[in-house]
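Trainee: Could you take me closely through how the neighbouring helices in this model pack against one another, and then through what lies around them?

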Amino acid sequence: MKKLFVIISLSLFIAMACNDEYLEKIPLDSVSDADFWKSASDIAMYANQFYQYLDPPNFLFRSGPDNDSDNQAPANRRARSWNEYTVPASGGGWGKGDWLPIRRCNFALVRIENMEKSPEVLRYEGEIRFFKAYFYHKKVKDFGDVPWFDKDLQTDSEELYNARDSREVVFANLLKDLDFAIANLPEESATGRLTKYAALTFKAEACLYEGTFRKYHDLGNFEEILREGANAAEGVINSGAFELYSTDNPHNDYFDLFVQYELKGNPEAIMIQRFIKGLHTHDDVRQLGEQQTGYTKDFVKSYLCEDGLPTSLSPLYQGDEEFMDEFQNRDPRMKQSIYTPDRPYRIYQDGGEEYLDMPEFDRNYCTTGYYITKGYSPYEADRVQWQCDIDRFIFRYGKLLVTYAELKAELGECTQEVLDQSINVLRDRVNMPHLTVDVSFVDPDWPVWEIPVSPLINEIRRERRIETCAEGNRWDDLVRWKACKRLEDSLTYKGARDPNDNNNYRIVYPGFTRTWDNKLYLLPIPTQEIALNPNLEQNPGWE
């Protein structure tokens, strides 16, 4: 046991690098109860296994959920967003391995009940409860109603044949776990473990998702959840512990934020994943160099001009006949998120630089001509396979600010003061004009939402799209807004103008058009699972 403790406790970042093979060799949920569950450090050691699930390094690019959205068009059509998804026989997010993290949380919680509840024990119980809420939130997003389990099940447990609990019951339960975590986690962690502010940030995000999903899918009972989310976000903002990263360089700060080798101490970092040469590294930069996807024309159009007006209204917009034309006079985040040929694509060890001629269309590199450069380092050392040590955000203050603005807007409480605390702080970093409550314009190119929204919510949605692009949020946003029908717009799978095709917009999937089906808002339960448990009912449209 002592040897096991040393292995896992060397450092949290090593624990976060643990893979499934390691966990199978030393399955912590089979440790003898007689030897374990005696101290807070035992719980901390057990909780280490769950950190690997927080924003894994490959989340952003090739396999990330933004490839299902209107922001990106990958080399191959995605089954769900292209209505080509079929009911799986097994797995599909409902298999044994998919439920295992929740079982492992319950395994710990049952045993912690018998421990003396010192502040340290409560802290690490809070970690376990946070992760249980985190895992259950994903289940609710994927399937809606799911069974809520509060103990570790065995192969003969009757609860295995439970029906699905309503998403309302499940979400209420996971909020209780999150509130326990918030009450017992510390405000700071020198070793990068969960904190009160990380839990508050996740609560704000979870409440935004659930509250707006219920609102726009007409499920009711959403206002209290949105209020909980807004209060959680205010808990982070009012703490004064965080602020945006800025060196007063609006044309570089946003780009630089996502290519830092050391985010510890960064004022925007609520929680990060650290990487250290020779110990814990990733492959993000190499994959971004061969990303097999690209931003869509629909996304690129959404950037405002530097006067704060959309391209449909601003006299500063230069059109898009030439590739570089549409980058002129735009929100500085545009050139810090999309590659342009005035930025080095590769910087070699000898100092030599390589630039790309754009637009480039290549299924193995960039499908649309709009290359994702956010999070991409041009330095050759960072492209070495699985040797990059650029840190990544798990919870970022900048994202929390747009979350807060949207929560308040959905509650009808987004005043100018709220905007000045949130959206306009983000705009100040890149020297963009402030958003005002009255908006002052009507953009004819606002998305045609299935459920219309106010000009203010339209602009807050735009800001979220721009600020959090390539961070894996857009698919969830479309789902919760009941807005996936807009994926039928061909601009959501077209790219830049192609000089080799009469300057027409690049069509990523020639001969295909997209038709949305509302059943796709939730995933189906695998057929084997329904056969094994007749109390499970299939999601609507998948029967």
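**Helix packing, pair by pair**

Mentor: The crossing of α7 and α8 is left-handed, a term used when the near helix is turned anticlockwise from the far one by less than a right angle, clockwise being right-handed. This is a predicted model, in which local features need pLDDT of at least 70 and side-chain atom pairs count only at pLDDT 80 or more, while totals for chains, interfaces and linings use all residues. Residues are numbered from 1 along each chain as its sequence is written, and side-chain values use heavy atoms, with hydrogens and water left out. Helices (H or I, at least four residues) and strands (E, at least two) are DSSP runs, numbered from the N terminus.

Two packed helices are described by the angle between their axes and by the distance between those axes. Helix α7 covers residues 167-184, and its axis lies 9 Å from that of α8 at an angle of about 165°; axes are lines fitted to C-alpha atoms, for helices over the stretch in contact, and angles between N-to-C directions run from 0 to 180 degrees. α7 and α8 are therefore roughly antiparallel, since angles over 145 degrees count that way, under 35 as roughly parallel, 65 to 115 as roughly perpendicular and the rest as oblique. On the α7 side the contact (heavy atoms within 4.5 Å) involves R167, E168, F171, L175, L178, D179, A181 and I182, which meet residues of α8 including K196, L200, F202, C207 and F213. By class, this contact has 12 nonpolar, no polar and seven charged residues, where Ala, Val, Leu, Ile, Met, Phe, Trp, Tyr, Cys and Pro count as nonpolar, Asp, Glu, Lys and Arg as charged, and the others, Gly among them, as polar.

Helix α8 (residues 196-216) also packs against helix α9 (residues 223-237), their axes coming within 8 Å and crossing at roughly 155°. α8 and α9 are therefore roughly antiparallel as well, and their crossing is left-handed. Among the residues making this contact are Y197, L200, A204 and C207 of α8, together with I225, L226, G229 and V236 of α9. The contact of α8 with α9 consists of nine nonpolar, five polar and four charged residues. L200 and C207 of α8 take part in the contact with α7 and also in the contact with α9.

W99, I102 and L109 of α5 are among the residues in contact with α6, whose own share includes V121, I128 and F135. Sorted by class, the contact of α5 with α6 has 12 nonpolar, one polar and five charged residues.

K482 lies in the loop between α17 (474-480) and β5 (494-498), and has a positive phi of about 50° although it is not a glycine. N503, in the loop between β5 and β6 (504-507), likewise has a positive phi, of about 65°, without being a glycine.

As for confidence, the chain averages a pLDDT of 93, and 93% of its residues score at least 70; pLDDT is the predictor's confidence in each residue, from 0 to 100. Over residues 1-26, however, pLDDT stays under 50. Where pLDDT is low, the predicted coordinates should not be read in detail.
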